[in-house]
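User: I am new to reading protein models. Can you take me through this one, feature by feature?

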Amino acid sequence: MARLVLLSEGLTGRTYDLKVERTTVGRVSDNAFEIPEASISSHHCEILLRGNEVVVKDLGSTNGTFINGEKITEAKLKPGQILRLGTVEMRLEGGEAAAAPLKQPLDQTKVIPQGVKLGELEGTRALVFEGQKGFEKKKNTATKYFIIGAILVAVVLMTILFFVALMK
């Protein structure tokens, strides 16, 4: 039987057996395989069993679905290949993959009860997306110019009204 073994820190060793024809994977609890990780979309992808083949289909996820580092929309996943959803990596294991040497040792299985916040888990790490910086403070120069302009217009109008009142 094919199964997915999570390899990412904090989730290492957690597994999911692919028993049914269609398995949805995502961050929310209505998925068959729920992975509570911020980089995974609520409905990230689906895994389809077609005979002896395992097919992964991206469901328009934000951070993408990758097989061995290559971004996919739909592709076959073979035993031993690495599937990455957002920043979470997992390996497909099946009958052939059991005999293959493990690339990364399995530490322990971590049971994540429903309702646990990501920050409460041991071994969680900050997510770093390639080419993106953290949130930066927005500079409000446009607001400053607007306020200065509004004050100048008000002063000019008051001056004109003052001179009009003097001329009467």
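Analyst: Start with E46. This is a predicted model, and in it E46 has a relative accessibility of 8%. The cut-off for buried is under 20%, so E46 counts as buried.

User: Which residue forms a salt bridge with E46?

Analyst: First the general idea. Side chains of opposite charge can pair when their charged atoms come close. Here the partner of E46 is R22. The closest N and O atoms of the two are 2.6 Å apart.

User: Where do R22 and E46 lie in the chain?

Analyst: In distant parts of it. R22 belongs to strand β3, residues 22-26. E46 belongs to strand β5, residues 45-50.

User: What does R91 form with E93?

Analyst: A salt bridge, with the closest N and O atoms 3.2 Å apart. The side chains of R91 and E93 are also joined by a polar contact of 3.2 Å. R91 lies in strand β11, which covers residues 88-93. With a relative accessibility of 5%, R91 counts as buried. Both R91 and E93 are buried, then.

User: Which residues do shared partners join into one network?

Analyst: R3, R91 and E93.

User: Let me step back. How many helices and strands are in the protein?

Analyst: One helix and eleven strands. Along the sequence, the pattern reads β-β-β-β-β-β-β-β-β-β-β-α. Buried residues make up 33% of the 168 residues.

User: How far apart are L4 and M90 in sequence and in space?

Analyst: They are 86 residues apart in sequence. In space, the distance is 6.1 Å, C-alpha to C-alpha. L4 is in strand β1. Its relative accessible area is 0%, so L4 is buried.

User: Now the rings. How many aromatic pairs does the structure hold?

Analyst: Two. A pair of aromatic rings is described by the distance of the centres and the angle of the planes. Take Y16 and F33. Their ring centres are 4.6 Å apart, and their planes are at 15°. Planes under 30 degrees apart count as stacked, so Y16 and F33 form a stacked pair.

User: Where in the chain are Y16 and F33?

Analyst: Again, in distant parts. Y16 is in strand β2 (residues 15-17) and F33 is in strand β4 (residues 33-34), 17 residues apart. Y16 is buried, and F33 is buried as well.

User: Why is the pair of F162 and F163 edge-to-face?

Analyst: Look at the angle. The planes of F162 and F163 are at 65°, with the ring centres 5.9 Å apart. Planes over 60 degrees apart count as edge-to-face, so this pair falls in that group. F163 has a relative accessible area of 47% and is partly exposed.

User: What sits over the ring of F66?

Analyst: The charged end of R84. The distance to the centre of the F66 ring is 4.0 Å.

User: Which residues form a nonpolar patch on the surface?

Analyst: V153, V156, L157, I160 and V164. Together they have about 430 Å² of accessible area. V164 is found in helix α1, residues 141-167. At 41% relative accessibility, V164 counts as partly exposed.

How values were computed: Residues are numbered from 1 along each chain as its sequence is written. This is a predicted model: local features need pLDDT of at least 70, side-chain atom pairs count only at pLDDT 80 or more; totals for chains, interfaces and linings use all residues. Side-chain values use heavy atoms; hydrogens and water are left out. Rings of Phe, Tyr and Trp (its six-membered ring) pair if their centres lie within 6.5 Å; planes under 30 degrees apart count as stacked, over 60 as edge-to-face and the rest as tilted. Helices (H or I, at least four residues) and strands (E, at least two) are DSSP runs, numbered from the N terminus. Buried means under 20% relative accessible area, exposed over 50%, partly exposed in between (1.4 Å probe, protein chains only). A charge sits over a ring if NZ of Lys or CZ of Arg is within 6 Å of the ring centre and within 35 degrees of the ring normal. Patches are made of residues with over 30% relative accessible area and no salt bridge: like charges are joined within 9 Å, nonpolar side chains (Val, Leu, Ile, Met, Phe, Trp, Tyr) within 5 Å. Accessible areas come from the Shrake-Rupley method with a 1.4 Å probe; for residues, only the protein chains shown count as cover. A salt bridge is a side-chain nitrogen of Lys or Arg within 4 Å of a carboxyl oxygen of Asp or Glu. A polar contact is a pair of N or O atoms within 3.5 Å; within protein, one must be able to donate a hydrogen and the other to accept it, and residues adjacent in sequence count only if both atoms are side-chain atoms.
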